[in-house]
Amino acid sequence: MSSFWQATIYGLLQGGLLAMIAVGFSLVWGVMNIINLSHGAYVLLGAYTAWELHAAWGLDPLLGAAAGGTAMFVVGYAVQRLLVNRIVNAPIFLTLLLTFGLQLVLVQGMAVLFTADYRSIATSYASESFGIGDVRVPYGRLLAFGVAAAATAALVLFARRSRTGIAILATGMDRTAARLMGINARHVYALTAGIAAALAGAAGAMVGLVGTFSPPDAARFTLLSFVISVLGGLGNMYGALLGGLVLGVVQAWAGQYLPGTWVNAVAFAVLVGVLIVRPAGLAGRAFYEARVEAA
Amino acid sequence: MSRLLVTLISTAVVVGMIALPSQLYTGQVRVVTAVLMFVALAQAWNIIGGFTGYACFGQVAFFGIGGYTTAVLMEHANWSFWWALPVSAAGCAMFAGLIGLPLLRLRGHYFAIATLGVAEGMREVITNLGPLTGGGAGITVPTVAGRGTPWLGNDGFYLLFLALAVLAVAVAVLISRSRFGYGLRAINQDEDAAAAAGVNTTRAKVAALSVSAAITALVGSAYAFQQITIYPQRLFDVDITVTMIVMVVIGGAGTVLGPLVGAVGLQFVSEYLRQAYPQEHILVLGAVIVLVVLLFPAGLLTAARDAVSERRISLLETIRAYRL
Amino acid sequence: MTTRAGHVRRIDVLAVAAALALTLSGCGSKGTQNQAGTGDTLNLGASMSLSGSLEKEGKLTQQGYDYCVNTINAKGGFKVGAQTLRLHIDYQDDQSQPDTAGQLVDQFNDKGYKLILGPYGSATTGAAMPVIERNGQVMVDSSGSDDKLFTKGYQRTFAVLSPASVYAASIVNAINELATPKPGSIVFLAADDGFSKTVAAAGEARAKDLGFIVLPGHQFPAGATDVSSALTKIKPSKPDVIVGSVHLAEGIAIVKQAAELGVKPAGGFAETVAPPTPDFVQTLGNKANGVLSSSQWVPEVKGSEAFFGSAADYRDGFRAAVGHEPEYHNAEATAACLAMVLAVREAGSTDPDKVRNALAALDEQSFFGPLKFNDKGENVTKPMSVVQIQDGKLVTVWPKDQAAGRLVWPGASG
């Protein structure tokens, strides 16, 4: 029984981090109907920022997350304003293609700049853990989980309470109407992309805290973001959090009760199943129509 | 110009292509073989993604299933490659029909993600069926004397992939001129309107996916035989799907010639970059893709056609139309 | 897009294509160019993982090859018959993909490159081997060690390194000889790629032979960064030794997550491949201490020859030239390049058949140990060394004639 609880706790903690990786991806998809294939590269850029700051000045990855997030906000804003905004109205393949090209440039650029070495931000506490009975709770993952939950909550508050946040949601619901209301859609889109990138960057610092990373990991983070966003449903801010937790726990349970190599197969089976049964995600409705025949 | 002339010229090109390997070095033959493979793949994707407008992000699933069906039939059932090839395609078309029924009800990105999930999931399933597929260690197609089909040699595979590329282009031409093809285009433009106009959209979409899957599986099957040893990582590599999409979109989706131009162009450019800049070629390729998308969002072919036929530069107009 | 207009332009393009095809058929000719033997330089071809999932390991291999080239050229090259040749390696990026590696070997053949140095990894090497065979090229393999590669009857590939089957088995041997108290139970955790599975199976067989209790092993996807479920599964059975048959990412994850999950084997951890890479100690810090690993090369290896001297000379020379301690991926690569040079010198010719025969007959001592191949092309004479991380440094502990320090046992810290 204790191994069940161990797997569940570990899966939840892991899921929180996955949620933070995905929440920005989900936001961009929900508001702009853009799938950002360079999202995983943003996560890694944040991780490298935090790693460099830790290596140079011994900065704790918590502060590194703030720095990485800020840096990535600028990158995300600029990329959207200068590049992606130019083809927002084109068929969806084009945004996919553009962000795919960007991903190639960023990943290969990182490999040149930082080498392909595996890195991790080594702290004294991250791998330590405390016990509840037989179940171990690692500090590093707990911290990452806390940061993820706080960031998601802050995002929800920002979107629902601040003028800018409401402008983002409004633009997501109906861009034309929003523009008529005097919202500068170009700026709002760039802002949204910036916030998404900032969250990805901060999540990257947490990845560096609890695990390892190297440039080829970018594609894996993007793929995870896909799965989680769909599980949670787009446009629902808590959706990504829910999707992340579900994925984390399902993977942990699958790992526990099936041969270890089946874990990913189960994750994708859940993804496809959810899409067929509830295309708008486990929670709530999406801004964009999911199905031909309305569900 | 008459249809006769088109036929004549096409025949001349194919005959020229058949004669080509005798003039090339072995490695060059392989490069051109890879080009032909991607012509067939891009054209296959074009049927579902270009004509019908459903961005199938899991196309590589059909490639992998085709390859693994062939490998398993040859290795465990001692089939000849020439039987395994059509059976793989037929099996894969049925698989596509089965997953198509639920998945093609999804729209836009949701369809893209669901098919991506199918492809990734299939890779994991194949990896885990170790006794049958060899798992992560790969499976080797029997090609030695006495068992299996003798390996075709570089020139043999060149001809095989040439045949598949011709087949794929021919199917695309037939579809583009048929009633079926007009139905698919109508779905692409406005699905509800197409249904209202009497197109059986579900049947048309599933048929398009199955045809597309069958061609992709033929290519995967031939690829497995060519490689001898195949691994799930490569046979279900999402990069293969992305490459098909990039080729189609750069060339011009929904046309017959666009994917052809895109596949030939991109494959030669990336091959050239690889040889010229072994360390930085991917970076350069990424930058090229970004630039092409920003400058020619409607595809190179469409831009070129507008420039020639209507003597206007559509560049600025498309950019204005697509930007925010 | 009007269909009518479409036809016209289709014809135009087809005409251009036809003209192109005809032009092409006018020039060029079947066969190979010869760019390999230009003047006094011997060009070797190498398909390498310069990007993609094995980029890190590919770069290490490239460093080893480059160091070989620079060292040999700094000594004025090497004598082949009456001529003195300098060395050059032409790299192409296979993007860590087996199919591309095979294609690149064909392209090298076009340029007349008959002598090839191996790519990184068993899958890419496996894809290159049949091509080498077909084209009558010769390859010295620096990293593809899966025993399955050498059961297919290929005659033209020679691997300087020890085969996969001894990676974990040598660790088991070392524990059996050196560890007190002798551990009772061992569990093997393996990535699900071919190489890692071969390693684990051979290790389990060896452990059973030596009388250890081998607990049921677990597998996880190759490249996994989360191995927590495998660790949770083995935790209740309290194994004395956890052996990871892994690459770098999974290897780091095992030690890191075992600490998180409170999995503490009484004896310690042992892993293949990962620990000798500097990233292992850099990312794990103190937690790396005590971990055992096997290594294809250590600076205490016996043997030397004229180009690189002894193993210690190699370490010093490499560090001075490249800026960091050589690790075994570097040394494997240099050794493969050296074997090729020695064989060409022995053959007195760059003719691939003569070089192939010289490689088959090669029997030289070097900084990498004996360079000698069996009839399958494997190097079974060379011993595999076992190292332990002590205070963040790799210390050779086995076999006895190479040992630079004593095994610390139990190895697990804390």
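Modeller: This is a predicted model.

Biologist: Left-handed or right-handed crossing?

Modeller: H1(A) passes H5(A) in a left-handed crossing.

Biologist: And which residues make the contact?

Modeller: From H1(A), they include Leu13(A), Gly16(A), Leu17(A), Met20(A) and Val23(A). From H5(A), Leu142(A), Phe145(A), Ala148(A), Thr152(A) and Leu155(A) are among them.

Biologist: How do the residues of that contact divide by class?

Modeller: There are 13 nonpolar, 3 polar and 1 charged in the contact of H1(A) with H5(A).

Biologist: Changing topic. How many residues of chain B are in contact with chain A?

Modeller: 40 residues of chain B, and they meet 43 residues of chain A.

Biologist: Which helix of chain B gives the most to that side?

Modeller: H5(B), with 14 residues. At least two residues each come from H5 (108-128), H12 (238-251), H14 (281-295) and H16 (314-322) of chain B.

Biologist: What classes of residue are on the side of chain B that touches chain A?

Modeller: That side has 27 nonpolar, 7 polar and 6 charged residues.

Biologist: Now chain C. What is the strand order in its open sheet of 6 strands?

Modeller: The order is S2-S3-S1-S4-S5-S6 in chain C, and the pairing is mixed. S2 (78-80) and S6 (157-159) of chain C are the edge strands, each pairing on one side only. From one strand to the next, the twist averages 35 degrees.

Biologist: How many bridges join S1 to S3 in chain C?

Modeller: 8 bridges, and the two strands run parallel. S1(C) is residues 41-48 and S3(C) is residues 83-93. Ala46(C) stands opposite Tyr91(C) of S3(C).

Biologist: Which strands does helix H2 of chain C touch?

Modeller: H2(C), residues 55-74, packs on the sheet and touches S1, S2, S3 and S4 (115-117) of chain C. The direction of H2(C) makes about 165 degrees with that of S3(C).

Biologist: And where does helix H12 of chain C lie?

Modeller: H12(C), residues 352-361, lies across S4, S5 (138-141) and S6 of chain C. H12(C) runs at about 35 degrees to S5(C).

Key:
Residues numbered from 1 in each chain as written. Chains lettered and ligands numbered in written order. Predicted model: local features only at pLDDT ≥ 70, side-chain atom pairs only at ≥ 80, totals over all residues. Left-handed = near helix turned anticlockwise from the far one by under 90°. Helix = DSSP H or I, 4+ residues; strand = E, 2+ residues; numbered from the N terminus. Contact = placed C-beta atoms within 7 Å. Nonpolar A, V, L, I, M, F, W, Y, C, P; charged D, E, K, R; others polar. Pairing = 2+ DSSP bridges. Axes fitted to C-alpha atoms, helices over the stretch in contact; angles between N-to-C directions.
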